[in-house]
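Work through the two exercises below with the model open. Try each task before reading its solution.

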Amino acid sequence: MRRIITATVQNSSGVLNRITGMLSKRAFNIESITVGTTEIEGISKMTFVVEIPDANKIEQLTKQLNKQIDVLKVNDITEKAIVQRELALIKVGSTSASRAEIQGVIEPFRARVLDVSRDSLVIEVTGKPDKIEALIDLLHPYGIKDMTRTGVTAFPRGKQPRQVQEFTLSV
């Protein structure tokens, strides 16, 4: 079962190593991890995508993360309404003849070309992981020469006010 876990941590030396070490010791497979600073100085946010085969281990994971010295808050946001994004850079083989065709392929994905050389294009795409996977599938026939992905970064959406519908009866 794929889970998205966020951890708010103090930005101190070794925190990433301690957390990934703890996950490794307990045999949790980290599919991706992103870390970045927050709006508060000295505080960072980590987003883990972790494969957890047993639902009972989800609670164990969050409890173990909360025990870590520099961890301030842990959330399993998998089943919440979330905003999630990933960035991918993809180097694709191209010729002068295929560049327009590749541009047509990437346009619906709102991807853009960052670099052009005689025999390749470097494409940037951001979005949900399934969007990125779909673009990668479409670019495979052109020959993917190199690729790197950031991994998912995510957090819960803001609270949305409930809309109350008013009904009026006309007689």
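The model is predicted: local features need pLDDT of at least 70, side-chain atom pairs count only at pLDDT 80 or more, and totals for chains, interfaces and linings use all residues. Residues are numbered from 1 along each chain as its sequence is written, and side-chain values use heavy atoms, without hydrogens and water.

**Exercise 1.** Describe how helix H3 and helix H4 pack.

Solution. 
- Step 1: Locate the helices, which are DSSP runs of H or I with at least four residues, numbered from the N terminus. H3 covers residues 99-106 and H4 covers residues 129-139.
- Step 2: Take the geometry. The angle is about 160°, and the axes lie 10 Å apart. Axes are lines fitted to C-alpha atoms over the stretch in contact, and angles run from 0 to 180 degrees between N-to-C directions.
- Step 3: Classify. Angles over 145 degrees count as roughly antiparallel, so H3 and H4 are roughly antiparallel to each other.
- Step 4: List the contacts (heavy atoms within 4.5 Å). From H3, Ile 102, Val 105 and Ile 106 meet Leu 135, Leu 138 and Leu 139 of H4. By class, this contact has six nonpolar, no polar and no charged residues.

**Exercise 2.** Find what lines the largest pocket.

Solution. 
- Step 1: Count the lining. There are 14 residues, and Thr 37, Lys 45, Thr 153, Ala 154 and Phe 155 are the closest to the centre of the largest pocket.
- Step 2: Assign strands (DSSP runs of E, at least two residues). E2 (29-37), E3 (43-51), E5 (82-93) and E9 (153-156) each supply at least two lining residues. E2 gives the most, with four.

Note on methods: 1 Å grid on protein atoms, 1.4 Å probe; cavity = no way out; pocket = protein on both sides within 12 Å on 5 of 7 lines; lining within 4 Å. Parallel < 35°, antiparallel > 145°, perpendicular 65-115°, else oblique. Nonpolar A, V, L, I, M, F, W, Y, C, P; charged D, E, K, R; others polar.
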